[in-house]
Amino acid sequence: MPYNVMIVDDAAMMRLYIASFIRSLPDFKVVAQAANGQEALDKLAGSDVDLILLDIEMPVMDGLEFLRHAKLKTRAKICMLSSVAVSGSPHAAKARELGADGVVAKPSGTVSHDLEEKTGDELARTMRALVAA
Amino acid sequence: MSDEMDEIWALYADDGAQALDAMETALSALDQPDCSDAASHIAALFRAIHTFKGNSRVLGLATVESRAHLAEDLIGLVRDQGVPLDQEIRDILLMTADVLRDMLEQTERTRADVDPGASEDLMVQLRDKIARALAGADPAVQAPPPPVPDDGREDAPDIPVRDTFDELPTDVSSVPADAMTDPATETGVTEGATTGPDLDAPMAMLRRIDDPLYRKIFVDMADDTRQRLRAALASPSDETRAAARRGADNLSHAARQMDLPAWAEAVDRFLKLPAPDGEQIAALLLELDDCQGRDLGTPQPAQDTGNGFLARIWPDLGKLAALGAEFSPETDHAARRADVIGAIVQRASAEGLIRVAEATQALLAVTDRQAFRDGELRLYEELAAVESATGEVAPDASPRALLYRWCADHVFESLGELSVLLDALRNGGAHDANYSRFNQLMRRIHHACQHYHMDTAGQLAMSLLDLFARQQTRGGAPDPILEHIAQGFISTIELVLDSLEDGQEVLQTDTLQKLFAEASSVAFVAEGVVSAAAIERKLGLPREFHRVLSPESVRAAADALDAGLHFHVIRADINDDDRLAEAFVLWLGQNRTRSITNVTVFRGAETLFDFLIATPLSHASVVEALAHLDPSGTRLHCTQTLTADQSDLDLPEAAQALPPVAGISTEMLERIGEIATGQAMIHHMQKELAEIDMAGEIDNRLKAAGVAPDLRAEIRGLLGGVTEQQRDILQLEGPLLAQMAILQEETAALRSRPAEIVLQPIAALVKAQAAKAGRKIAVSTLGGDLSLDVTILETLRNVLRALALHRVGGPTLPGIMRLIFRHDRDCVHAMIEDDEAALIAPEFFRPLDDLVRQAQGRLRQVQIPGGGTRLHVTLPLSMVVIDGMVVRIGSVRYVLPVNAISLITQEAPGSAFTISASGGRSVLQLASRDLVPVCRIGTPVQQDRIYVILTVADCRVAIPVDEVLGQQLVLLRPLRGVLSRLEQLNGIALLAGGEVGLVISTAALEGESADVFTPVGPALTPATALQPA
């Protein structure tokens, strides 16, 4: 049974890139997508999600605020996937403080068309480590 | 000022400006008559001012912080206390934004706090409004709030730390038995006096100190006053004493307002003293501590904590803490734990708080007290998350505060364990269990930092947690740089906490900031690219692109700069137009156009993007291309064309200044070297002692003196025991010596960096400079993996950079350049080779030559046959551990690198002779009939019998010596003072016998045939040789 993934990203193109990448992983399946934190919280209720890939900078409710709330009421692992989450950066530190289980930086901006090429291995490894934990 | 500090101030300015922009945007939105989402704008307003305040605090800008703090309090009243956001508040906040913007500009310029007097009006208005708002918000409050200190700080509250979980309400008898297990009581209505507020309580019972906002303000004031008093104690001066008196005066006033007579009396007694001395200040501090413990440190009864989730489970948590403190595996005890755990799980599940329920449930399975405590901590982390997310205000039912205090109380244990864990991770223990424990401990240290309001340290802890967690995913041990930052963090935090415990000023703020900057730039260093800030400055990137460049984006931007491409910013409104988005992305991949990065720009709930692109196209061509893609002209705009700052070309490299070597200074390395040498010296003496046949010698003399055999046997036995012990000591010392040698080498290795971090930026710089001149140059590098001490790298960087820039800055440019690093026994060679024949003019060459000579190095330039020039920079290695052969010549000890020695031989007298045909050159004829030139060092030896044959640059040279003293590892130190002029020496080393050895430069022996240098007098001692220049 593949693990269920929710993608939360305000950039429509990025959601497409991420979904396309996840389709290449046989052990994961995209079951929900949301364009901001609030929409994700609404969709999370009652859903069976194992892993959330979460952008940080989004309108209405940003990723950190979503993280703060979602961590209380879901068992799903949450992996930040954001261009501002470079290793050891203040954003990455804040995400860890709020309980992000994993953090991966998008390689070339909020819309990273080269996600699979540049960060695919790291993202897949992180996703697998999180669901296995 | 270091680059890191420049960067921190730049970040402060950026963040501050962004926060103030956000503040004004929110105020402007709130000013609209049809503002429909006031709550989110107020939240944004609060976040903005909170960020601004925090940043000001980090940089020690107390006045700026205090103004922001008051504004935050005022917005907090609107957000949390239902105070209406009237026109007056909006006006005051707009004025605050103006004043803070002025302060931001001034502090960025001066890097110092502002004059408090200039913003006094604003303070008065803010205080006045807060007081009136409070009076209106809470009818029980009639008087204005106590004044907030002008230059107050929030850090380091001196609350006595106890075993925090035991402070939870543990009076089980005060809780009705059914309230523990009956879910029907969850509404809080039927919980009566236990958990809900007593609405019939007389007003007199509601003291101001019980109001969370008043309490917070008062606690802040008390902390501020204590800080001032400690400062007056530590550095008595008119200024510190006056500041302490002002703080005390404010506190006295506030204490009366808060109805805390003991505080007021204590402070008033102090204020009556005409010139309080240190003892009187210390006495007041003690009294304030007592007051704090009595009035603020004691948990309030549960009934005062409201009726939120946390308040409702508070009594059960108290019982759980009590049961944990007396943990027993007995059935009866386990049953009682199960009851309490069940009650909390039920309440958490009813609220949908899955993780709280699971963390509580996990406590059922534990079998010992330690595991219970760990489980309890996990539960409190979950509860703290609830508190943070729900904003439940229950000051005395704050799991976050308890968690922080517990972690602060146990922070030294956590730091100690963390240090051990780091060793384990390095030495083959890089598995998940160790990484998980690292994560857990770092989190605890973060909480402890929160307790002490050490924001930078807290952030750094999380930053390290992030870096190590990513390393765990990649697999393997953390790399040395990462490990080094973590070790530096641990040592610094220990120092900071020691200072706090002793009530001293914390002096390590800079170190923490540097470590944080280092941690934030690890990804860039690891990728070998220039820093994001360098690209930001070079391109003059708009603010939205600051701090978002990934290492990949930085590399792409650097390549685009090398290629001489143009940079444009394109605003793209394509999020809901798939066709246009696809066409735009397709265009980005064409005609050498590339997307460097992109950021989101919010327009209400819509997402737009700003793309930073690099392209050979001009602005006009880009505009034309966008018009083709978007004929409506509404979705794609080229908003800006950036011009790389050509006059500032070396900025990228300046930003590339070598990463700091936190914690391992040259002095520290030298000190470790001295300890190692001392240890070797003791070992040497012990060995000499052990080699004496003391028992035999004494026995012979006793025998000769006619001492009776039985007495001699007894003495022999005694001496035999001593000799045995000496051998034991020698045996024990063996591994110790080996450990010291490892420590020396590892410490020296920690200061090392790959030469790549110098070569690559210079190569990029050369290409950029050539591109600026409209030319192309092919630059290649070799030897980037050579690992060198940062001090040497820094010298090489300065020299090579100047030389390389000079080569490409002249009228004729080379078309090819090679940058090469090479390591040769005891020196490092760097070379710049190009195809331009003209040598560098003396007036430019000479200052660089002087610079290299100061570092005991050599700079040469030679023309290559067939055209081209080669520039050689040779620097002796220093601060490295070398394997040396110690020899004595006259009374001076020299160290020769073991790896250069091909033979040590004792020859018959007359083996060395002079060859007249060779200009009187002295040669040694070996037994093999080979002839080797003799090179005499220092004082002539007594007899030319012992020779050390060195192989230098494929040639051999024989050095006559008086004695070969032995091989040892030595730390090569740079020459200082008068010795620095001796080019034939590579450095000095402290030897095992306590003497100083002169380390011969084998490079200097190259081609030498006569005495290499004038003898250095026998007066050379550690004291003279090691003294600073």
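A residue is called buried if 20 or more other C-beta atoms lie within 10 Å of its own, exposed at 12 or fewer, and partly exposed in between, with C-beta atoms placed from the backbone. Keep that in mind.

This is a predicted model, where local features need pLDDT of at least 70, side-chain atom pairs count only at pLDDT 80 or more, and totals for chains, interfaces and linings use all residues. Residues are numbered from 1 along each chain as its sequence is written, and chains are lettered from A and ligands numbered from 1 in the order in which they are written.

Start with chain A. Helix α2 covers residues 37–44. Helices here are DSSP runs of H or I, at least four residues; strands are runs of E, at least two; both are numbered from the N terminus. Which residues of α2(A) are buried? G37(A), A40(A) and L44(A). Just after α2(A), G46(A) has a positive phi of about 80 degrees.

Now chain B. Helix α30(B) runs over residues 756–772. Of its 17 residues, 14 are buried, so the rest of the structure largely encloses it. Just after α30(B) comes G774(B), with a positive phi of about 75 degrees.

Last, the contact between the chains. Chain B gives 39 residues and chain A gives 38, contact meaning C-beta atoms, placed from the backbone, within 7 Å. On chain B's side, helix α18 (residues 455–474) gives the most, with eight residues.

Key: The expected span of a helix is 1.5 Å times one less than its number of residues. Two residues are in contact if their C-beta atoms, placed from the backbone, lie within 7 Å.
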